[in-house]
Amino acid sequence: MIYVVIGFLWLSICLYVILGGADFGAGIVEQFTRKKNRPKTQTLMYTSIAPVWEANHMWLIIAIVILFVGFPEIYTTLSTYLHIPLVLMLVGIIARGTAFTFRHYDAVEDSWQRIYTQIFYFASLLTPFFLGLTAAATISHSINPEATNFLDLYIFSWLNWFGVAVGLFTVSICAYLASVFALRETSDRFELGMMIRKSKQTMIFVVIAGLLVFITAYFSDIPLLMWVFSKPLGIMATVFATICLFLILRAMNRRKLLPVRALAGFQVIMILVAATYQHNPNIILFGNGQHLSLLEHVAAPKTISALGWALMLGSLFILPFLFYLMASFSKQRR
């Protein structure tokens, strides 16, 4: 049953990165659009994220509940040493959702609309950045439980050049997903051409940010190159992600947009596999050489069994209604 629980944890993280990432990316893409084109971009982003807008953070909640119930020591460690970026990320999620609601549904349009818009923009940018910082801290050996001062325990455990690079990479991934997902929502040649240009621009940002991650990992003595390329699985995942990039480019150039969302989602999954498979199931790597494992630091067997059954039964209700939600929005657009 432990593998069922780990599988659901992995699934929820992947879905949050893909769907939630596209959600965050909508604000990033809109922010870096020329003012004259922002109304069109805003409409495209709204239409693109509408089917999953309310459901996105469900995957984050599921991942947190799985860690809290099934892996309490891992949950405690994350919420202790990384409480600052986690709190900032949660503040960004709340601020972004609130600003989006007020600027979209406010009965009165006045100067507050500009304030809501700016909050939405910066929260969309900072939330995935701190998500990337948090993820980087778990594998960068920067968390040191033996540290004796506040800065080493709670600041430098996540604030370092490698974490900043991963944060920027996460931001670029979100913008890339949002621009690619919005391709199929375009209604004329101008909108399609605009979103294709944005998709290609964000592709470049992803590649540059990815190279920056490897460079900062090298200077931080993090064996990221070895993790990714030392075994066939990492090489295959990297090759598949690269192939997806070229397939998406080809589909955009030929204006055949049906498979682009699936290809982009699969591409992100391959990136996650390449970055994490080598040290799996060790989810946190400490600076003192120790680690926390999903197989070793686990709750009691009865707790894991109950959690596994709850996840399997819950998925019977969650997943069909999620697909129904997406199908409903699709029919509404048609």
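## Aromatic pairs

The structure, which is a predicted model, holds eleven aromatic pairs. In one of them, the rings of Phe129 and Phe130 have their centres 5.7 Å apart and their planes at 75°, so this pair counts as edge-to-face. Phe129 is buried, with a relative accessible area of 17%, and Phe130 is likewise buried, at 13%.

The rings of Phe240 and Phe266 also pair, with centres 6.3 Å apart and planes at 50°, and the arrangement is therefore tilted. Because Phe240 belongs to helix 11 (residues 232-253) and Phe266 to helix 12 (residues 260-276), this pair ties together parts that are 26 residues apart in sequence. Phe240 counts as partly exposed, with a relative accessibility of 35%, and Phe266 is also partly exposed, at 36%.

## An aromatic cluster

Tyr81, Phe150 and Tyr154 come together in one aromatic cluster.

## Packing of helix 6 and helix 8

Helix 6 (residues 112-139) packs with helix 8 (residues 161-181) at an angle of about 135°, and the axes of the two helices are 7 Å apart. That angle makes helix 6 oblique to helix 8, and the crossing of the two is right-handed.

On the side of helix 6, the residues in contact are Leu125, Pro128, Phe129, Gly132, Leu133, Ala136 and Ile139, while helix 8 contributes Phe162, Gly163, Val164, Val166, Gly167, Leu168, Thr170, Val171 and Cys174. The residues of this contact divide into twelve nonpolar and four polar, with no charged residue among them.

Methods
Residues are numbered from 1 along each chain as its sequence is written. This is a predicted model: local features need pLDDT of at least 70, side-chain atom pairs count only at pLDDT 80 or more; totals for chains, interfaces and linings use all residues. Side-chain values use heavy atoms; hydrogens and water are left out. Axes are lines fitted to C-alpha atoms, for helices over the stretch in contact, and angles run from 0 to 180 degrees between N-to-C directions. Helices (H or I, at least four residues) and strands (E, at least two) are DSSP runs, numbered from the N terminus. Angles under 35 degrees count as roughly parallel, over 145 as roughly antiparallel, 65 to 115 as roughly perpendicular and the rest as oblique. A crossing is left-handed if the near helix is turned anticlockwise from the far one by less than a right angle, and right-handed if clockwise. Contact means heavy atoms within 4.5 Å. Ala, Val, Leu, Ile, Met, Phe, Trp, Tyr, Cys and Pro count as nonpolar, Asp, Glu, Lys and Arg as charged, and the others, Gly among them, as polar. Rings of Phe, Tyr and Trp (its six-membered ring) pair if their centres lie within 6.5 Å; planes under 30 degrees apart count as stacked, over 60 as edge-to-face and the rest as tilted. Buried means under 20% relative accessible area, exposed over 50%, partly exposed in between (1.4 Å probe, protein chains only).
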